[in-house]
Amino acid sequence: MPAATPTACLVNGIATSQLAVQDRGLAYGDGLFETMRVVEGRLPLGDYHFARLELGALRLRMHADIPLIRAEAEQMARSAGDGVLKLILTRGLSQRGYALPTDPRFTRILLAAPAPSYPPERALDGISLFPCTTRLGLQPLLAGIKHLNRLEQVLARAEWQGDAFAEGLMRDWQGRVIECTMSNIFVHLDGTWVTPSLDESGVQGVMRDFLIDRLAAGGLRVVQRDLSLEELHASSEVFCCNSMFGVWPVVALENKRWGVGAQTRAVQAIAAQVFT
């Protein structure tokens with residue numbers, strides 16, 4: 001699917017698409033990002049996005065003005081109407097070397113673009129997962145946050161071409177199921193929804209957190225723990241989710257097949273509330 005052309009771009013609140021080559025986001029991936037769905041001028045999952053951004057800033061020791069960043073994002077969302085807003089926060093400019101600048105001037109970038117268009121049959125009929133061989137490294141300090149270095153996902157997504165697979169399954173170096181290349185994964189196992197723990201690797205997706213909260217509010221607890229490939233195969237239903245497409249049922253992984261079950265359809269309906 002081709003990338004959507006930005007309809008607007010702000011760098012530090014100024015309408016421009018230019019960035020200094022000395023920016024640490026370019027040199028080291030020293031920063032964070034959020035990709036937010038915009039619906040009728042709103043950021044429906046804004047609270048989740050900015051909570052994750054704040055956590056990421058704390059982990060990376062970036063004392064940025066999160067309220068200012070949120071205010072700018074919400075203003076751009078109102079102008080965009082519908083689509084996607086990508087927020088990038090870097091540590092700004094510095095001289096060569098890894099040492100943190102003594103007086104960092106953070107770079108904040110906002111890009112507005114049309115919403116991605118996914119084939120509707122992915123949500124209706126389900127998708128097949130590609131079994132990625134690229135493994136996720138273990139780094140608790142960076143686990144969960146949306147930092148700028150996504151090379152593991154880039155390499156995993158490069159493992160297949162074409163439309164036969166809509167997503168790829170990613171495991172860590174211990175073989176545990178962690179996530180998909182651009183989404184989180186849930187399995188229905190022994191009557192309970194289980195999603196992998198993200199204490200050592202992976203991205204804590206905002207749709208993942210939204211669904212955990214909504215299911216809990218309805219009396220359905222989601223268990224977050226280590227998940228093996230054997231347990232994934234033994235589950236009765238599987239889906240992946242993110243804040244752009246909502247929920248896609250998973251119907252195939254290599255020789256394993258699943259149906260699109262009633263539990264997954266119920267979760268799809270919950271996720272769809274975000275986009276209405």
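Me: Axes are lines fitted to C-alpha atoms, for helices over the stretch in contact, and angles run from 0 to 180 degrees between N-to-C directions; at what angle do H2 and H6 pack?

Reply: This is a predicted model, in which local features need pLDDT of at least 70, side-chain atom pairs count only at pLDDT 80 or more, and totals for chains, interfaces and linings use all residues. Residues are numbered from 1 along each chain as its sequence is written, and side-chain values use heavy atoms, with hydrogens and water left out. Helices (H or I, at least four residues) and strands (E, at least two) are DSSP runs numbered from the N terminus. Helix H6 covers residues 206–217, and its axis lies 9 Å from that of H2, the two packing at an angle of about 120°.

Me: Is H2 parallel or oblique to H6?

Reply: The angle between H2 and H6 is about 120°. Angles under 35 degrees count as roughly parallel, over 145 as roughly antiparallel, 65 to 115 as roughly perpendicular and the rest as oblique, which makes H2, relative to H6, oblique.

Me: Which residues of H6 make the contact with H2?

Reply: Contact means heavy atoms within 4.5 Å, and on the H2 side it is made by Tyr48, His49 and Arg52. Asp209, which lies in helix H6, touches Tyr48 as well as Gln204, leaving out residues up to four places away in sequence. The H6 side of the contact is made by Val206, Asp209, Phe210 and Asp213.

Me: Where is Leu227 placed, and is Leu227 buried or exposed?

Reply: Leu227 sits in the loop between strand S11 (222–225) and helix H7 (229–234). Apart from neighbours within four places in sequence, Leu227 is in contact with Arg176, Val177, Val187, Val194 and Pro196. Buried means under 20% relative accessible area, exposed over 50% and partly exposed in between (1.4 Å probe, protein chains only), so Leu227, at 1%, is buried.
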